[in-house]
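Me: Hi! I have a model open and would like to talk through its side-chain contacts. Can you walk me through them?

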Amino acid sequence: MQEDFLKQFPRRMRTVGLYSKLLTNIILKNRWTMYGFDDYDERINLVFAVLLFIMENNLSDTSCTLDDVSFFVEKIITQSFHKEILIEDARVFSDFILNTVLSNEGKVMNFVGHNFETDEDREIPISYISNEARETENGRKVTYKLTYEGYNLVLGTMEVEDNLKIPISEMILREQINNQDYDKALITVRDIFAQLLALRDKIETAKLRIKRNVSGYSVEEYEQLITENHDIMKNAQKQLGVHREKIRDKINHFYDNEVDDYDEMDSKMHALNEIERILDKELGTIQDILKEHLSYYKLYIDAVENQFVEAPVKRFNIKSDLYERFIKQPQALENFSMFLQPLFFKTPEKIYNVNKVFEKQVVRGREDDFSADVFEEMDQEEIYEEEKRKREEMLHRYHDSLKVILDYVHDHQTATLSKLKEDLEPIPSLMHDLMPDLETFKGVLVSLLKADLINVDAMRHESQMIEEEAMVYELNRMSLEIIQEEGWREVHAIEVKTLPQEVSFIFEHKKITTTDVVITMKGVPHESRRISDGQ
């Protein structure tokens, strides 16, 4: 199909996908009614308010934890939506919005968009927020921030072409400063900062894609990112520098001249100082983006050169191109040494895994280490079954490790990791289940550090509405699975809090140090059993 108006269709579908997946999550999740949000429009308004709250914290470079979001949600629900909600329920509700609606419970979200130029469907990855562990005033907490798609979603509610957003905003800012409309100028300068953060995140994502597989990153994408943004950044750096000097002149003007209305002066001074502060941050961010462009350019060139180094390795089907030919012409075996002769001309720089000749070619980097495994032919069904078996074994290890922790907490109602370690170290069988391997144990520890509250009652309710196979380890889901297996009907929530001290575990002479946490099962009676090796 050659219609010109369909050439940019994939790009439009990326924008559509941002809304489609979010609205699907908002509509299909069933916990909303527990908090009085039956109306879809109210749900959408609340979620976008939370997204704007996260963006505002990102712009001010302050942490945005679950506590911050729950306080905001409790405030707007009572004051703006005129509904009653307890602060404890607001925390659980906020966790639902962040980790179920916006994060899809940790599962990958893809929107399938069609490309009419190639007549192919393409999966477009969608994500709205990300999280990371960060030091706060109250200890190490999980903080949330918008992704590039998240910024695009929020900024797209006032839709402008990507390459025009910053220039248009800069023009608006210039007029607002000239008209001395400093309150509006403060809003505009914050929007510019959000656009710069989104662009920086976009470059970081592109660099990550190149590192993973440069062959999956097209030259067109590379050229678009470089050409569309470099000139914009250079021009914005110049213009924003001019605006900063104007703002400084106006601040000095207020200091040098007496005014009659000091309240008005204080208001303008506050806006001007805040505008100057954000402009400083924007100019620093632009400088970082220009540096990122250079490192991005070098990374892409190195990766492409690396691709050309490895590309001459010819892949062939050993069954059809070798075995079957020998069967048809057995006399060719007399000259088989000619086939192997090139291997003995010089010492090979690398040894390639012979299994790879049967796979679709994937370009590897210079530093990849290939092992010479024994050849084993597997069809597609066998490969799928093998992957499924490995995934099931991995989930089984996570299940056993988490079960040791939850068993111990259930026996004591409240327990810390340090106390659990002290009591379980004399019991080798339990320590083996707790730490089957380094990756599994680290995964369980990280999920506990990221968790604040596991609402078991809500998980029970939602599990009745959604029936799907768990493909990856997910703390909430697996905790509910263990609780149901053990028949702990009295447990209605699990609370996790970080402690200031650290705790260390030893696994095969390797020391694992992590922040200690205290885990409490809500609803468990005050009883405890002594753990023995036989349990």
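Predicted model: local features only at pLDDT ≥ 70, side-chain atom pairs only at ≥ 80, totals over all residues.

Me: Let's start with rings. How many aromatic pairs are there in the whole structure?

Reply: A search of the whole structure turns up 10 aromatic pairs. Take Tyr-35 and Phe-93: their ring centres are 4.4 Å apart and the planes sit at 20 degrees, so this pair is stacked.

Me: And which parts of the chain does that pair tie together?

Reply: Tyr-35 is in the loop between helix 1 and helix 2 (40-59), while Phe-93 is in helix 4, so the pair ties together parts that are 58 residues apart in sequence.

Me: Is Tyr-35 buried or exposed? And what about Phe-93, buried or exposed?

Reply: Tyr-35 is buried, at 12% relative accessible area. Phe-93 counts as buried too, with a relative accessibility of 0%.

Me: What is the geometry of the rings of Phe-37 and Phe-93?

Reply: There the centres are 5.7 Å apart and the planes are at 45 degrees, so the Phe-37 and Phe-93 pair is tilted. This pair also links distant parts of the chain, with Phe-37 in the loop between helix 1 and helix 2 and Phe-93 in helix 4, 56 residues apart. Both Phe-37 and Phe-93 are buried.

Me: Which residues form the aromatic cluster?

Reply: One cluster is formed by Trp-32, Tyr-35, Phe-37, Phe-81, Phe-93 and Phe-96.

Me: Got it. What does Val-101 touch, leaving aside neighbours within four places in sequence?

Reply: With those neighbours left aside, Val-101 is in contact with Leu-22, Asn-25, Ile-26, Trp-32, Val-47 and Phe-96. Two of these contacts, Trp-32 and Phe-96, belong to the aromatic cluster. Val-101 itself lies in helix 4 (residues 87-102), and it is buried, with a relative accessible area of 0%.

Me: How far apart in space are Val-101 and Thr-24?

Reply: C-alpha to C-alpha, Val-101 and Thr-24 are 8.9 Å apart, although 77 residues separate them in sequence.

Me: Changing topic to charges. How many salt bridges does a search of the whole structure find?

Reply: It finds 19 salt bridges. One of them joins the side chains of Glu-42 and Lys-83, at 3.3 Å from N to O. Glu-42 is in helix 2 and Lys-83 is in the loop between helix 3 (66-79) and helix 4, so to speak a link between distant parts of the chain, 41 residues apart. As for cover, Glu-42 is partly exposed, with a relative accessible area of 24%.

Me: Which salt bridges lie within a helix, about one turn apart?

Reply: Two examples here. Glu-245 and Arg-248 meet at 3.5 Å, N to O, and both lie in helix 8 (residues 219-256), 3 residues apart. Arg-389 and Glu-393 meet at 2.5 Å, N to O, and both lie in helix 12, 4 residues apart.

Me: Which residues are linked with Glu-245 and Arg-248 in a network?

Reply: Arg-244, Glu-276 and Asp-280 are linked with Glu-245 and Arg-248 in a network of salt bridges.

Me: Back to helix 12. What does the side chain of His-399 make a polar contact with?

Reply: The partner is the side chain of Glu-485, at 2.9 Å. His-399 is found in helix 12 (residues 380-412) and counts as buried, at 13% relative accessibility. Not counting residues up to four places away in sequence, His-399 touches Met-478, Glu-481, Ile-482 and Glu-485.

Me: Last one: which residues form the nonpolar patch on the surface?

Reply: Leu-23, Ile-27, Leu-28 and Tyr-40 form it, with about 350 Å² of accessible area together. Helix 1 (residues 9-28) supplies the largest share, 3 residues.

Me: Why does Leu-28 count as exposed?

Reply: Leu-28, which is in helix 1, has a relative accessible area of 55%, and exposed means over 50%.

Definitions and conventions:
Residues numbered from 1 in each chain as written. Heavy atoms only, no water. Patch = residues over 30% accessible without salt bridge, like charges linked within 9 Å, V, L, I, M, F, W, Y side chains within 5 Å. Areas by Shrake-Rupley, 256 points an atom, 1.4 Å probe, with all protein chains shown as cover. Salt bridge = Lys/Arg side-chain N within 4 Å of Asp/Glu carboxyl O. Helix = DSSP H or I, 4+ residues; strand = E, 2+ residues; numbered from the N terminus. Buried < 20%, exposed > 50% of the residue type's maximum accessible area, 1.4 Å probe, protein only. Polar contact = N/O pair within 3.5 Å; in protein donor to acceptor, adjacent residues only side chain to side chain. Contact = heavy atoms within 4.5 Å. Phe/Tyr/Trp six-rings, centres within 6.5 Å; stacked < 30°, edge-to-face > 60°.
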